[in-house]
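Me: I would like to go through this model step by step, with the cut-offs stated as we go. Please show the sequence and the structure.

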Amino acid sequence: MSDDLRSFVQGLPKAELHLHLEGTLEPELMFQLAGRNGIALPYANVASARAAYDFTDLQSFLDLYYAGCSVLVTEQDFYDLTWAYLLRAAEENIRHVEPFFDPQTHTERGIHFGTVVAGIVRALDDGQKHFGISYRLIMSFLRDMSPASAGQTLEHAKRYGRHIAGVGLDSAELGHPPEDFEEVFAAARGAGYHIVAHAGEEGPPSYITGALDILGAERIDHGVRCLEDELLTARLAMDRVPLTVCPLSNVRLRVVPDMAHHPLKTMMDSGLLVTVNSDDPAYFGGYLVENYVAAAEALGLTRGDIVALAIASFEASFLEEGPRQERIGEVQRHAAAYGFEGTASTL
Ligand code: ADE
Ligand code: ZN
C-alpha cells in the first residue's frame, strides 16, 4: 500500500514552491565542501552531524542551518548545492521549482552576492536544459537582520536583473513582524519582483495579515496558524492566496505535535489553496515525495486529494498561464493513467 502510494506520488508531476537551497545541504556534501575549502566543522563525521539535528523549535534549527552554510564559499559550491537538489527533484518528477536563497547569510561572511547567484543560476539553467525543470528564483531577506541590510541586499539584486524573480522574508519569525520591512518590500514591488513571505509558522495570524496588507505578499509561506482566525481563513480562501505548507518541517520544528495533528487536510477542507513542500529537506528527514507520503498516510489523504495538491502546486506558482496549464495537463494525464480524474482545485 505504502509502496503504491510512494510510486503514485513519485510519478506525479509536481512543483516545489517552498524550498531553501541552503536547507538542502546534506551532511555528506557539507563535509566534502568543508574539505575543499579548508573549513573546520563542529562535527566528527556525517553521522554525528545528523545526530546533532535535534531541534526543539525554529531558532534551534536556524542556529545549525546557518552554521552549516559556512562551507559554501565559491561559485562552484553554490552550483554543487543546487545541482544536488535538482538531481533529487528530477528523480521525484518535480517539473517546476521556486527555490529560496538567503543572500545575507553569505554576504555577511564576505561572499560576494554575484558569486552566490552565479552558482545557483548556472545549476538552475542546467536543470532546465537537462531535465526540463523550469524555475523562478526567490531571494529572501532575513527578518532578524535590519531593514537597512535588506535594503542593501535589494540594491545588489537589482544588478542581476532577470535571474531573480521574487523576494521573500524568512528566518526567526517571532518578534520580527512584517511591518518592520514595509519600506523595502514597497521598493521590491516597485522594481517588479514577485512578493512572498513566511508568516504564521511560529508567528500569530496577525503576521499573515501583515504580510498581505503591508508587504503585498502574493503567497504565504507556511501560514498554518491562519486557522486560528476564522475571518482570515475565509479571506485567504476567497482570494485564493496560496499557502506553501511544509508538513515534515512543521513536525520537526514542533509547530504541530505530530503528523496526525497536522492541519493540512483541515486547510484543504476550508477551501484554502494549499501546496505541499519540503522547506529544508536535508534537516527535516525528507524531500518532496516524503512530505506528500507522510502527510497522506497520517491524514488519510485520498488519491484525489493528492492530485488536487499537485495541481495546486502549479496553480500557486509564478509560471505564466500557458506553461502552467501545460503542467496541470501533465498532472491530469498521470491521474487518468491511474484511473483518477484530476480537477483543478478552483472548480
Ligand atoms: N529558513 C530556512 N527554513 C526556515 C523556516 N522554516 N522558517 C523560517 N526561516 C527559514
Ligand atoms: Zn521556509
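Me: How many cavities of 30 Å³ or more does the structure hold?
Reply: This is a predicted model, in which local features need pLDDT of at least 70 and side-chain atom pairs count only at pLDDT 80 or more, while totals for chains, interfaces and linings use all residues. Residues are numbered from 1 along each chain as its sequence is written, chains are lettered from A and ligands numbered from 1 in the order in which they are written, and side-chain values use heavy atoms, with hydrogens and water left out. A cavity is a set of points, on a 1 Å grid over the protein atoms alone, where a 1.4 Å probe fits but cannot get out. By that criterion, the number of cavities of 30 Å³ or more is one.

Me: Which helix gives the largest share of the lining of the largest cavity?
Reply: The volume of the largest cavity is about 110 Å³, a volume being the space filled by probe spheres set on the points. It is lined by 16 residues, and those closest to its centre are His-20, Leu-58, Leu-62, Ser-171 and His-198, where a lining residue has an atom within 4 Å of a point. Helices here are DSSP runs (H or I, at least four residues), strands likewise (E, at least two), numbered from the N terminus. The largest share of the lining, five residues, comes from helix α4 (residues 58-68).

Me: Which residues are the protein donors of the zinc ion (ligand 2)?
Reply: Donors are N, O and S atoms within 2.8 Å of the metal (3.2 Å for Na, K and Ca), and water is not among the atoms, so sites may look incomplete. Along the chain, the donors follow the spacing H-x1-H-x177-H-x80-D. Lying 2.0 to 2.3 Å from the zinc ion, they are His-18 (NE2), His-20 (NE2), His-198 (NE2) and Asp-279 (OD).

Me: Is His-18 buried or exposed?
Reply: His-18 sits in the loop between β1 (14-16) and α2 (27-37). Its side chain makes polar contacts with the side chains of His-198 (3.1 Å) and Asp-279 (2.9 Å), a polar contact being a pair of N or O atoms within 3.5 Å, of which, within protein, one must be able to donate a hydrogen and the other to accept it, and residues adjacent in sequence count only if both atoms are side-chain atoms. Buried means under 20% relative accessible area, exposed over 50%, and partly exposed in between (1.4 Å probe, protein chains only). With a relative accessible area of 0%, His-18 is buried.

Me: What is the relative accessibility of Glu-297?
Reply: Glu-297 belongs to helix α15 (residues 288-299). Not counting residues up to four places away in sequence, Glu-297 touches Ser-2 and Leu-5, contact meaning heavy atoms within 4.5 Å. Glu-297 counts as partly exposed, because its relative accessibility is 47%.

Technical notes
On a 1 Å grid over the protein atoms alone, a cavity is a set of points where a 1.4 Å probe fits but cannot get out, and a pocket is an open set with protein on both sides within 12 Å along at least five of seven lines; lining residues have an atom within 4 Å of a point.
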